[in-house]
Amino acid sequence: MNQLLQDFHYFFYYSLKQPWFFTEYGFLLALALFLVGYAFFTPKSQWKLGYLIAFSLFFYYKSSGPFLLLFVGVIMCDYLLARWIHSLEGPKRKALLFFSIAYGLSFLLYFKYSNFVITNVNELFETRFTTKTLFLPIGISFYTFQSLSYLIDVYRKEIEPSKNLLEYGFYMTFFPHLVAGPIVRAKDFLPQIKNPLIFDQPLLKESLLRITTGLVKKLLIADFLGKYVDLIHDAPSGFSGLEHALAMYAYSFQIYFDFSGYSDIAIGIALILGYRMKENFFNPYTAENITVFWRKWHISLSLWLRDYIYIPLGGNRKGTVNMYLFLFLTMLIGGIWHGADWKFIFWGCAHGVLLILHKLFVKPREKAAKWSTVLGIILTFHAVGFLWIFFRATSFETAFESIQFIFTKTNPLDLVGFCYTRPEVISLLVIASGIVFAPWKMKQNLINRVLSLPLYLWPVILLVALQLILQFRDNSIEPFIYFQF
Amino acid sequence: MWSSISFILSRGNNSLSLNSSRRAILQAAAIIGFPVFILFGYNYSTLTLGVVDYPIKKIDPNAPLTVQAPSKNSSQHTASISTSEKKEIIADLLNNRYKTPSDTSQKPANTRPRMPLSAEKDQHISQRILLLGDSETGGLIYPLNDYCVANGHKLEAVYTWFSASILNFGYSNRVDELLETYKPTFVIFVVGLNEMYVTDLDRRAEAAALFRDKLGDIPYLWVGPANFTTDQGINKVFEQSADPGCFVFSKDLEIPRGGDHRHPNTEGYKMWMDYIASYIQSNHAYPFNFLPPERTNFKLQGRVILANAAKDKGY
């Protein structure tokens with residue numbers, strides 16, 4: 001009983017060691033209680049928005065603690081700036097937009113990139129500027145991009161600025177997308193506030209399926225594969241080439257199941273609340289080339305980069321050479337967005353180069369032969385997988401070390417021993433491959449079958465899934481990979 | 001039940017779709033809340049359920065599970081080391097639950113003479129011991145602690161640097177800081193498991209020499225890695241870097257391994273510790289009493305410091 005009271009007390013406090021994720025069982029309980037209250041509000045009520053914002057801010061507080069104040073400050077300033085931009089015309093309007101963008105980016109640049117810049121300046125110019133211990137506010141990369149898109153859309157007169165702080169606050173704080181996306185656009189989201197609340201049994205089943213599969217993807221598959229990946233990358237020189245190669249596959253699946261699992265939970269929760277968020281992944285590893293891959297992977301970021309970086313730079317309107325240059329710059333910015341490290345910059349540049357090469361040498365065809373599609377999928381998957389090594393490795397040097405091991409110290413015969421010593425890793429890789437590469441039709445049939453199950457079975461399904469997760473997890477829960485970006 | 005709730009909700013609003021939406025939201029709340037509520041209820045209850053011999057786990061990972069698990073010897077260790085930072089140790093121990101130690105040619109501890117707890121402490125010099133090294137030190141902590149308590153020595157501190165190599169110990173100033181802080185009279189250094197495949201032996205030899213210099217006049221035992229595969233010469237580098245009688249090979253030891261087939265399992269660490277202790281007792285340049293303890297699982301002395309070279313290289 002004492003333990004229960006103590007835990008209840010801590011429930012209302014932020015803990016740096018135990019920030020709230022969707023995968024916290026405490027969060028799921030809080031969500032259920034929150035939904036009971038949510039059902040009592042009428043759809044267009046301002047009270048409903050206020051209730052949702054209050055819960056969202058509490059969620060952010062449990063995830064990021066004192067950075068809640070920064071977040072609230074950013075929301076209020078953006079709200080006022082957007083209205084100010086809307087009221088101006090001509091050069092003043094443009095100048096204010098640039099100021100707003102610079103102001104919006106300043107927090108992101110400070111928290112995420114200042115130490116990186118200082119370290120590199122020190123190395124380059126042999127200066128001795130000191131770095132600071134900075135804690136990156138969770139979700140800052142996502143909400144910064146979201147607020148930038150809002151300000152730019154207002155400037156472009158694509159949307160009217162929100163006349164109500166509650167509405168804008170709701171758009172920014174909506175907890176399903178708050179800390180790790182998908183990056184939602186105001187023009188897609190704000191109109192939904194006024195829509196009637198439609199949430200029926202088919203939608204309920206869809207949302208439950210989304211939440212359950214998201215939890216299983218993240219906690220059963222991604223976290224389990226993550227343990228093996230951690231083992232290899234924590235001491236890369238201690239492992240053989242084959243183990244590095246399998247770590248590459250494992251990480252490719254880990255990052256997909258981790259992030260798409262998060263997106264599934266986010267979309268599922270948003271559905272219950274009466275809002276439809278766009279899909280963030282669409283079978284990305286079945287892409288037959290790198291261009292298609294980026295249309296299927298982290299779709300909300302890809303579209304953001306396209307609409308707010310690539311097209312404003314000139315897109316394909318300023319000649320072929322410039323198009324390639326813009327493409328490269330867009331991917332470079334995409335790489336930098338992911339993290340302040342040369343490995344992310346390299347990762348972005350490499351994807352830019354791959355996109356250019358694809359556009360240079362592969363001409364679009366109406367219908368490709370089946371074998372060439374399969375070959376394309378294999379090549380694209382491996383190209384993306386190799387570049388994930390830079391994403392995961394602890395440094396730029398260890399990433400190259402890992403790749404070197406794959407090419408120089410791989411003995412295929414080691415696979416037999418590996419299957420014997422790590423059957424769980426092999427099993428999970430096989431299961432993950434099956435899920436990722438299974439034909440879409442087959443997956444759709446399975447989804448339809450699950451959706452046809454009677455509603456009274458769902459508590460049991462969820463209970464079994466949650467208990468299975470507890471049985472297989474180790475003592476620590478890994479945060480979602482994209483929380484760090 | 002749903003009809004009564006929807007009746008309450010419908011007062012003042014006759015919209016059919018709104019009521020059905022509300023009902024669906026409440027159903028969602030119940031469907032999500034019900035299993036989580038059950039799991040929390042189980043978590044806070046003193047009841048422990050199990051399927052065959054496997055306990056049904058609770059939400060709190062540190063909750064005591066009284067159903068007998070397959071492991072007989074890991075609970076003692078996990079009780080004291082349970083934070084997420086120590087997951088490598090935990091992984092080893094958890095793996096051991098499902099592995100039975102295979103036969104080995106190593107002489108088991110209980111066949112060797114044991115030191116009675118009542119032994120005169122002044123028959124030997126009392127040492128202040130510092131254990132430092134890579135992840136393998138994590139498994140040696142407890143058997144070493146047992147030896148220290150039983151023989152009247154003090155395990156001052158353990159520095160477990162996960163994923164570390166000789167480069168971390170040689171090029172960083174971490175060792176200097178530890179020696180300054182804990183002022184040990186004897187150092188046990190275990191490293192090399194992460195360097196099985198390395199071939200830049202000149203660089204490693206340089207780091208090993210730097211490390212040796214840091215120890216100065218303090219007696220030490222440099223313990224070579226318990227190889228899980230044939231190394232590329234790192235053992236030779238370490239042997240040549242250490243003073244005569246201060247290095248012991250572990251590469252040919254046949255000890256049971258954990259689930260990762262790299263690190264020894266709990267039993268393997270005990271056997272390895274017996275081997276190390278036997279070397280200190282009989283073959284070391286500065287021998288002292290280090291007889292097998294009569295009983296084990298003494299309360300841990302000294303401080304355990306953890307670091308991870310993947311995040312903190314130290315240089």
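Let's start with a cysteine: A:Cys77 is partly exposed, with a relative accessible area of 30%. Here, buried means under 20% relative accessible area, exposed over 50%, and partly exposed in between (1.4 Å probe, protein chains only). This is a predicted model, in which local features need pLDDT of at least 70, side-chain atom pairs count only at pLDDT 80 or more, and totals for chains, interfaces and linings use all residues. Residues are numbered from 1 along each chain as its sequence is written, chains are lettered from A and ligands numbered from 1 in the order in which they are written, and side-chain values use heavy atoms, leaving out hydrogens and water.

**Cysteines**
- B:Cys246 is buried, at a relative accessible area of 2%.
- Zero disulfides (pairs of cysteine sulfur atoms within 2.5 Å) turn up over all chains.

**Chain A at a glance**
- Chain A holds 21 helices and zero strands, taken as DSSP runs (H or I, at least four residues, for helices; E, at least two, for strands) numbered from the N terminus.
- Of the 485 residues in chain A, 56% are buried.

**Nonpolar cores**
- A nonpolar core is a set of buried Ala, Val, Leu, Ile, Met, Phe, Trp, Tyr and Cys residues joined through side-chain atoms within 4.5 Å.
- The largest one has 161 residues, and A:Phe175 and A:Tyr285 have the most contacts inside it; a contact means heavy atoms within 4.5 Å.
- Helix α11 (residues 241-272) of chain A gives this core its largest share, 20 residues.
- Apart from that core lies another, of 35 residues, including B:Met196 and B:Ile305.
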